Amino acid sequence: MSRLIALSDAIAEYVRDGDSIYAAGFTHLIPFAAGHEIIRQKRRDLVLARATPDLIYDMMVGAGCARKVIFSYSGNPGVGSLRIVRAEIEAGRLEWEEYSHFAMITRLAAGAMGVPFLPMNATGAGDLERANPQFRRIRDPYSDGEVVTVPALHPDVAIVHAQRADADGNCHLWGILGEQREAAFAARKVILTAEEIVDPAVIRSDPNRTLIPGMVVSAVCHVPHCAHPSYTQGYYDRDNVFYLDWDKISADPARVQAWLGEWVYGVRDRDEYWKKLGPDAHDRLKIEPLWSEPVNYGKY
Amino acid sequence: MSIPAYTPSELMTVNAARLLRDQDAVFVGVGLPNLACNLARRTHAPNLVMIYESGVIGAQPARLPLSIGDPTLVSGALAVCSMYDIFAYYLQRGYISVGFMGGAQIDRFGNINATVIGDYRHPKVRLPGSGGSMEIAAWADRCYLLAPHQKRRFPEKCDFRTSAGFLDGRAAREAMRLRGGGPAAVVTDLGLLEPDETGELVLSAVHPGVDAEQARANTGWDLRVSPNLRATEAPSAVELQILRDFDPDRIYLDAGA
């Protein structure tokens, strides 16, 4: 049953004002193209959840899409602050809910597993637990110890990027796996983007690698270069230069609006965006292949 | 023999590397901790395993990673698992021997603030937040903290306690029965701080050319000096060469120069 549709149609159909969104990918496979499409379609009052908001949410907050962020680290990885998210929080214009990485991902795992909460061992720090009432403590029912709990997170929409998928949404992804699988199972709807749409036989050739099955996916979108300035392992590099440039752009609200005007509102889709980046950028982000050893599943 | 010139970052990194042991499983961040691990692996700790909170185990990056999710960490790594797995099966389960930490503030008992300056709900300055540090501080067998020795970075008490050092004292941490032992040392560009039996950070070593009064003047509490204060050995030419080979563009090694 083909779930293949255009990204613009998937966003129009599945992302509504006020929704909670989890755009997955820890540094890797971040679906920037979907974030940009959400901006183009002028969604408002979104609750944006990610471990690290990264530039994708900095841009969406800058575009006025969000009323709240849920996060566990609000830096520009390796560079410094996420300037827009930080400024909006400091100004009191953006609501937030804060966790550690493990607590955030445990929320998603609880959602993915269909349980109301999951426990973690105590960390002793205390202040974040006091600041965020979603952290609770309960007695271990089997001993005299205590554990910390966080409630399940069920995003209205998860957006997950993968290297390849068939038209049903069965996908292979590799490299840094992050929280992709947890997000896909926890969410109510899943938009899956893929660099390549492949024949089901390709997926069936390596079933251990099928981390997300089509049965949890609502829409499949063929979006080559979806992740830029993030990356897709094996396909293109992370644009570290862009992450550094954004540090300067995001320090000036006028430059942010100009950038959005040119690179989000001013392009129709990701294909046009990628083309606009130009051959020098394409060359800079190109990487040589490095294949793994194949595995022998055996002809049974 | 002349001592080679080195930057504060090189000084901290060499001292951090010396604290690592062969067979350590180290939870690494980018920057100086990453360089310290690479240096240790090339010198006295060839079996040290580098683990990143992005889910990478046994990374052998061919180029300098600019983030903990850099693709170079994956190529040639021993294993890559999900983030839930790395935090639950490795860190919470107790397989991590060392955690490297940094933060905007480190207080008298080695607690770290990476969250806010000022009130949490109406912050004067919003810092990035915990990331993995809240759990690393609690569950790694031992932690090393790296920071330039500046008074504003070493307050008596953190504005917000993102990660647990010895809390209000070693007894408080012990009462929490946390898996990990807490901060074993703070490496600064002036020397080393180590916790005493009460969990208070005490100046245990000074780097070449530094005297204890300099460290005390740059600390936000009345920093006690160990009666057995020692001098660290200057970074050797070999250590510096290995380090500089890992960061040829000096992206991290020149910071603080």
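This is a predicted model: local features need pLDDT of at least 70, side-chain atom pairs count only at pLDDT 80 or more; totals for chains, interfaces and linings use all residues.

User: Let's start with the two chains. Which element gives the largest share of the side of chain B that touches chain A?

Analyst: The contact draws 41 residues from chain B and 43 residues from chain A. On the chain B side, helix H3 (83-92), strand E9 (123-126) and helix H4 (133-139) each put in at least two residues. The largest share is 4 residues, and the element supplying it is H3(B).

User: And by class, how many residues on that side of chain B are nonpolar, polar and charged?

Analyst: We're still on the side of chain B that touches chain A, to which chain B gives 41 residues. Sorted by class, that side comes out as 21 nonpolar, 13 polar and 7 charged.

User: Moving to chain A, which strands of the open sheet stand at its edges?

Analyst: The sheet has 3 strands in the order E7-E9-E8, with antiparallel pairing. A strand with a single partner has one side left without a neighbour in the sheet, so the edge strands of chain A are E7 (117-120) and E8 (136-139).

User: What is the bridge partner of Ile138(A) in E9(A)?

Analyst: E8(A) pairs with strand E9 (residues 146-151) of chain A in the antiparallel sense, over 4 bridges. Follow Ile138(A) across to E9(A) and you land on its bridge partner, Val147(A).

User: Which helix packs on that sheet?

Analyst: Look for a helix touching both E7 and E9 of chain A. Its direction makes about 145 degrees with that of E7(A), and the helix is H5 (residues 101-113) of chain A.

User: How are H3(A) and H4(A) set relative to each other: oblique or roughly parallel?

Analyst: Helix H3 (residues 54-62) and helix H4 (residues 83-90) of chain A have axes 8 Å apart and pack at about 50 degrees. Where they meet, Tyr57(A), Asp58(A), Val61(A) and Gly62(A) in H3(A) face Ile84(A), Val85(A) and Glu88(A) in H4(A). Roughly parallel would need an angle under 35 degrees, and roughly perpendicular starts at 65. The two helices are therefore oblique.

Definitions and conventions. Residues are numbered from 1 along each chain as its sequence is written. Chains are lettered from A and ligands numbered from 1 in the order in which they are written. Two residues are in contact if their C-beta atoms, placed from the backbone, lie within 7 Å. Ala, Val, Leu, Ile, Met, Phe, Trp, Tyr, Cys and Pro count as nonpolar, Asp, Glu, Lys and Arg as charged, and the others, Gly among them, as polar. Two strands pair if DSSP finds at least two bridges between them. Axes are lines fitted to C-alpha atoms, for helices over the stretch in contact, and angles run from 0 to 180 degrees between N-to-C directions. Angles under 35 degrees count as roughly parallel, over 145 as roughly antiparallel, 65 to 115 as roughly perpendicular and the rest as oblique.
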